[in-house]
Amino acid sequence: MSSVQSVVRIGIAEIGVAVFPKVIRTVGLGSCVGVVVYDSSLKTAAMAHVMLPDSSLAKGMVSNSAKFADCAVQELVEILKRKGSAGKGLKSKIAGGAQMFKLKMGSESTRIGPRNVEEIKKQLRRFHIHLEAADVGGSSGRTIEFDTDNEILTVRTVHQGTLEI
């Protein structure tokens, strides 16, 4: 994890953007997924800390697109376009989506992590964004940090150490 560069921190159900030389970080990814969409030519990255797979779970209008996998990727693309991206050739990296609770009955409602990952991948395909790397699944929480300079996503997983993807 970075100590020299300034860090943009985002919380649960938030979106943030980092421009070189900044890095962007989120903590507490359990069943949540951290998705980074970035434009290499601009050295700019946008990250969302996604909680739920589908905005239809919201009662009424969606006021926070970062909360839902089916809305967050589009918002990330729009942010990058406002920062000067042409929107073509965008890349992504994702982490999280753990199955945090071991339940005997495997209902869809308990599979939030895997469903988040599935929906994020679906949305990345929808927007023609190449998924460069992923560290998803398992049953442990993660902290992630994306470096806008070298495009490395550092993933620190509870009780498992650090991985760079």
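Buried means under 20% relative accessible area, exposed over 50%, and partly exposed in between, computed with a 1.4 Å probe on protein chains only. The model on screen is predicted, so local features need pLDDT of at least 70 and side-chain atom pairs count only at pLDDT 80 or more, while totals for chains, interfaces and linings use all residues. Residues are numbered from 1 along each chain as its sequence is written, and side-chain values use heavy atoms, with hydrogens and water left out.

**Stop 1**

Helices (H or I, at least four residues) and strands (E, at least two) are DSSP runs numbered from the N terminus. Two strands pair if DSSP finds at least two bridges between them. Strands of a sheet pair through backbone hydrogen bonds, either parallel or antiparallel.

Begin by selecting the open sheet of five strands in the order 2-5-4-6-7, whose pairing is mixed. Strand 2 (15–19) and strand 7 (130–136) are at the edges with a single partner strand each, so one side of each has no neighbour in the sheet. From one strand to the next the twist averages 15 degrees.

**Stop 2: strand 4 and its partners**

Select strand 4 (residues 33–39) together with strand 5 (residues 44–50): the two are antiparallel and joined by seven bridges. Val37 has Ala46 in strand 5 as its bridge partner, and Val36 stands opposite Met47. The two strands make a hairpin with four residues between them, and Lys43 in the turn has a positive phi of about 50 degrees.

How many residues of strand 4 are buried? Seven of its seven residues are, so the strand counts as mostly covered. In a regular strand the side chains alternate between the two faces of the sheet. Val33, Val35, Val37 and Asp39 point one way from strand 4, whereas Gly34, Val36 and Tyr38 point the other way.

**Stop 3: the two helices**

For the angles here, axes are lines fitted to C-alpha atoms, for helices over the stretch in contact, and angles run from 0 to 180 degrees between N-to-C directions. Contact means heavy atoms within 4.5 Å.

Select helix 1 (residues 69–82), which lies across strand 2, strand 4 and strand 5 and runs at about 160 degrees to strand 5. Then select helix 2 (residues 112–126), which packs on the sheet and touches strand 4, strand 5, strand 6 (91–96) and strand 7. The direction of helix 2 makes about 175 degrees with that of strand 6.

**Stop 4: Tyr38 and Phe146**

Rings of Phe, Tyr and Trp (its six-membered ring) pair if their centres lie within 6.5 Å; planes under 30 degrees apart count as stacked, over 60 as edge-to-face and the rest as tilted. The count by this rule is one aromatic pair. The ring centres of Tyr38 and Phe146 are 4.7 Å apart and the planes stand at 35 degrees, so the pair is tilted. Tyr38 is in strand 4 and Phe146 in strand 8 (residues 142–147), so the pair ties together parts 108 residues apart in sequence. Both residues are buried.

**Stop 5**

A charge sits over a ring if NZ of Lys or CZ of Arg is within 6 Å of the ring centre and within 35 degrees of the ring normal. Select Lys43, which lies over the face of Phe20 at 5.4 Å from the ring centre.

Side chains of opposite charge can pair when their charged atoms come close. A salt bridge is a side-chain nitrogen of Lys or Arg within 4 Å of a carboxyl oxygen of Asp or Glu, and the count comes to six. One of them joins Lys43 and Asp149 (3.1 Å, N to O). Lys43 lies in the loop between strand 4 and strand 5 and Asp149 in the loop between strand 8 and strand 9 (153–157), so the pair ties together parts 106 residues apart in sequence. Lys43 is partly exposed at 29%, and Asp149 is partly exposed at 40%.

Next select Lys91 and Glu151, whose closest N and O atoms are 3.9 Å apart in a salt bridge. Lys91 is in strand 6 and Glu151 in the loop between strand 8 and strand 9, 60 residues apart. Is Glu151 buried or exposed? With a relative accessible area of 18%, Glu151 is buried, whereas Lys91 is partly exposed at 24%.
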